[in-house]
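Keep the structure open while reading.

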Amino acid sequence: MAHTNESVVLEFVLLGLTNSWELQLFLFAIFSIVYVTSVLGNTMIIVIIASDSRLNSPMYFLLSNLSFIDICQSNFATPKMLVDFLVEHKTISFEGCMAQIFLLHSFVGSEMMLLVAMAYDRFIAICKPLHYSTIMSRRLCIIFVFISWAVGILHSVSHLAFTVDLPFCGPNEVDRFFCNLPLVIELACMDTYKVEILTLTNSGLISLGCFLALIISYTVILITVHRWSSSGSSKALSTLTAHITVVILFFGPCIYFYIWPFSRLSVDKFLSVFYTVCTPLLNPIIYSLRNEDVQSAMHKWRNHHVNSWKY
């Protein structure tokens, strides 16, 4: 499959969320706040974990990497969406579109694998506490992070490999605020049935595989915590609640899009906004509200800087 020399699409038109100018200005204000809060919140988590020696553990090392991925995910499409709210013609070059597809699937695939690594960390901490420090070494954590990025990038490259050479020679309107892979594939000037099946298989395997691994891990962990009668089970359950909440809110829209990637329901745009814009904000909110160690470190960090400013 190769591009023809005639009528090759050089750019795509992003139809965005609405045609109403007033509503676009309102959404610009709302999503600007969400974007800035998300980036600052995740950056703060990384800084606090790096500066507080009490958070020098595998769980928080993985959490800081999760925050980094969320910062990346916040920046792959949201800044352009904000700019497009203020302009009439919302276009993106062919190269820019392919870059968005690559970045989105790299970050999503990496986050899926990292959430599995975080579940494994909690499994060892709760089910095999005496062996935790031996098993969850810094070297293993670095390996987990490397594998997460490697799987995410390979997942993305496998999508891009059969998308970039599709013949785009006519329609170029994408009914989203970013280049959504299934919608871009449907614009190709050929029968895309086989490509759609490959997309569904590729995305479905990684999302459902990770989700099942997480369900099994957290089920075993919750059963173990339920058997405890010590006061430590309360703190463990609080930490687990934060992890499980992130997993559900992350994988809910993700599985929907990956199982029904070519659907045209009105809820699709709402879920795409939630998934790409709001999801990166969940990490700092949930972990700061549900995790006592992070809360304590945040208070300590804030008090330290407040006192520094006073003197």
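Helices (H or I, at least four residues) and strands (E, at least two) are DSSP runs, numbered from the N terminus. The model is predicted: local features need pLDDT of at least 70, side-chain atom pairs count only at pLDDT 80 or more, and totals for chains, interfaces and linings use all residues. Residues are numbered from 1 along each chain as its sequence is written, and side-chain values use heavy atoms, with hydrogens and water left out.

**Annotated spans**

Residues 98–120 are 100% helix and 0% strand, with end C-alpha atoms 33 Å apart. For residues 25–48 the end C-alpha atoms lie 34 Å apart, again with 100% helix and 0% strand. UniProt, in an unreviewed entry, lists both under "transmembrane region", including also 60–78 and 205–225. Its positions follow the numbering used here, feature names are shortened, and annotations may be inferred rather than shown by experiment.

Two packed helices are described by the angle between their axes and the distance between the axes. Axes are lines fitted to C-alpha atoms, for helices over the stretch in contact; angles run from 0 to 180 degrees between N-to-C directions.

| Pair | Angle | Axis distance |
|---|---|---|
| Helix 4 (94–127) and helix 8 (193–227) | about 20° | 9 Å |
| Helix 2 (58–75) and helix 4 | about 165° | 10 Å |

Helix 4 is therefore roughly parallel (under 35 degrees) to helix 8. Their crossing is left-handed, meaning that the near helix is turned anticlockwise from the far one by less than a right angle. Contact means heavy atoms within 4.5 Å. Among the residues making this one are Gly-109, Met-112 and Arg-122 of helix 4, and Ser-207, Leu-214 and Tyr-218 of helix 8. By class, it has 16 nonpolar, 4 polar and 1 charged residues. Ala, Val, Leu, Ile, Met, Phe, Trp, Tyr, Cys and Pro count as nonpolar, Asp, Glu, Lys and Arg as charged, and the others, Gly among them, as polar.

Helix 2 and helix 4 are therefore roughly antiparallel (over 145 degrees). Helix 2 passes helix 4 in a left-handed crossing. The contact includes Asn-65 and Asp-70 of helix 2, and Glu-111 and Asp-121 of helix 4. Its classes are 12 nonpolar, 3 polar and 4 charged residues.

An open sheet has 3 strands in the order 2-1-3, with mixed pairing. Two strands pair if DSSP finds at least two bridges between them. The edge strands are strand 2 (91–93) and strand 3 (173–174). Strand 1 (residues 11–14) pairs with strand 2 in the antiparallel sense over 3 bridges. Val-13 stands opposite Thr-91 in strand 2. Helix 4 packs on this sheet, touching strand 1 and strand 2; its direction makes about 85° with that of strand 2.

Technical notes: Parallel < 35°, antiparallel > 145°, perpendicular 65-115°, else oblique.
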